[in-house]
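Work through the exercises below with the sequence and the 3D view side by side. Try each task before reading its solution.

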Amino acid sequence: MDKLRIQGERPLHGDVQISGAKNAALPLMAASLLTDQPVVLTNAPELMDVRTLGHLLTGMGAQVAQEGASIRLQADAITACVAPYERVKTMRASVLVLGPLVARFGQARVSLPGGCAIGARPVDQHIKGLQQLGAEVHVEHGDIVASVPRGRLKGARISTDMITVTGTENLMMAACLAEGESVIENAAQEPEVADLAAMLQKMGARIDGAGTSRVRIQGVDRLHGAEHAIVPDRIEAGTFLCAAVATRGDVTLRGCVPEHLDSLLDKLREAGATLTSGADWIRVQADAMPGGRARAVSARTSEYPGFATDMQAQFMAVNCLAQGAAHLTETIFENRFMHVQELVRLGATIAIEGNTCVVQGVKRLSGATVMATDLRASAGLVIAGLAAEGETLVERIYHLDRGYAGMEHKLAALGANIARVR
Ligand code: EPZ
């Protein structure tokens with residue numbers, strides 16, 4: 001298994017290009033199932049999860065071809081509306097094919113995703129919503145089995161019990177081809193949901209309110225192909241901002257959407273960094289913070305536009321070296337503190353109290369071998385390693401490869417001493 005070897009205490013300097021968002025690319029790829037015409041995605045990130053979903057789609061008979069940052073998909077010869085366990089167990093986002101398959105083909109057999117490192121992550125809301133749209137859905141032998149007895153989904157008013165990102169995306173895609181109007185109350189407002197709606201509209205869908213908590217969809221008979229540039233990855237952007245602050249550097253992000261990061265930018269300013277931004281760039285200066293270190297800043301994760309749960313581990317790494325104590329509360333997932341014990345191995349002082357961590361900043365972290373457990377935890381460990389004295393070895397970085405395109409190359413270009421060792 002690959003590892004990352006980092007020699008820390010090197011401030012990051014320079015420009016870094018932000019890639020297209022993983023959490024937009026995946027639903028956008030799934031949306032190609034809604035039409036028999038070609039869909040072209042540009043600004044696509046080169047990630048393991050994108051390749052995994054591509055393999056799942058080709059296994060169904062779709063054509064998928066990624067050339068650099070462009071992916072061409074066409075689902076004109078689907079032979080099996082099936083997402084098998086061996087695929088789904090490696091990536092829960094595979095469940096995003098469920099809505100499109102049921103809407104276009106009236107049937108689907110999608111393996112029930114197991115739990116994952118950060119929590120149980122059930123998909124009951126996806127199932128309930130499809131049932132409200134007229135699908136017959138039951139679980140047998142570990143598979144979600146769906147059919148549409150009346151031949152076509154029928155629009156409905158759906159209110160999910162909690163805000164769910166992929167749940168909103170699945171139901172929005174399904175409703176596009178349903179008969180009549182659907183309303184999704186309590187919808188997720190993440191930029192990736194709005195980006196999916198933007199492409200669906202290019203395909204001929206009639207959607208209002210995407211990006212707000214109430215999405216209205218007028219079903220249409222069919223959708224056509226489209227070309228769409230994937231929205232920049234706000235979590236990759238936030239990860240690099242945290243790395244720059246933790247190493248007290250000066251970094252400019254290119255090709256990002258600053259307003260998608262408002263809650264993080266506020267926290268980093270509060271920590272003492274200087275942040276300036278334009279239409280598609282953000283500069284973070286952390287090489288002259290008051291007292292020469294970040295100040296501890298507390299945060300509580302919540303759904304967009306709140307502080308992103310996907311930024312919690314990275315922001316914790318910044319707080320490990322800050323002046324003072326910070327309280328980080330995780331409200332979305334029940335087990336998203338696996339990075340804590342690894343950060344403690346690097347010399348951090350962190351106490352877990354239920355769904356809150358109390359991080360007591362220390363002057364220095366000291367490099368050690370640590371183990372990644374999930375995608376964003378591994379990003380947090382890389383950030384801590386970049387700031388730690390001496391050598392840090394991050395193991396099991398296949399987690400990192402799922403969601404970050406060439407992270408070690410981008411960090412090395414910013415002056416980090418980092419290399420992948422097989
Ligand atoms: C999406 O996961 C993201 N993944 C996650 O990013 C992100 O952490 C999460 O949203 C929250 O922002 C993709 O977009 C591919 P949810 P998702 O449904 O949709 C509960 C990363 O690192 N829930 O919004 O699976 C669930 O257990 C990944 O890139 C139900 O109970 O998350 C959780 O506690 C990690 N039943 C909460 O809701 C359901 O049917 C939010 O989950 C659905 C969700």
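**Exercise 1. Is R92 buried or exposed, and what is it in contact with?**

Step 1. R92 is buried, with a relative accessible area of 14%; buried means under 20%, exposed over 50%, partly exposed in between, using a 1.4 Å probe and protein chains only.

Step 2. This is a predicted model, where local features need pLDDT of at least 70, side-chain atom pairs count only at pLDDT 80 or more, and totals for chains, interfaces and linings use all residues. Residues are numbered from 1 along each chain as its sequence is written, and side-chain values use heavy atoms, leaving out hydrogens and water.

Step 3. Find R92 in the loop between α3 (85-88) and α4 (98-105). Helices (H or I, at least four residues) and strands (E, at least two) are DSSP runs, numbered from the N terminus.

Step 4. List the contacts (heavy atoms within 4.5 Å). Beyond neighbours within four places in sequence, R92 touches P113, G114, C116, A120, R121, P122 and V123.

Step 5. Look at R121. Its backbone oxygen lies 2.6 Å from a polar atom of the R92 side chain.

**Exercise 2. Find the order of the strands in the open sheet of four strands.**

Step 1. The order is β4-β5-β3-β14, with mixed pairing. Two strands pair if DSSP finds at least two bridges between them.

Step 2. Check the edges. β4 (63-67) and β14 (226-229) each have a single partner strand, so one side of each lacks a neighbour in the sheet.

Step 3. Take β3 (residues 39-42) and β5 (residues 70-74). They run antiparallel, joined by three bridges. L41 stands opposite I71 in β5.

**Exercise 3. How many disulfides does the model have, and why?**

Step 1. A disulfide is a covalent bond between the sulfur atoms of two cysteines. The test used is a pair of cysteine sulfur atoms within 2.5 Å.

Step 2. The sulfur of C242 is 11 Å from the closest cysteine sulfur, in C320, so that pair is too far for a bond.

Step 3. For C357, the closest cysteine sulfur is also in C320, at 9.3 Å, again too far for a bond.

Step 4. The count comes to zero disulfides. C242 is buried at 0% relative accessible area, and C357 is buried at 0% relative accessibility.

Definitions and conventions. Polar contact = N/O pair within 3.5 Å; in protein donor to acceptor, adjacent residues only side chain to side chain.
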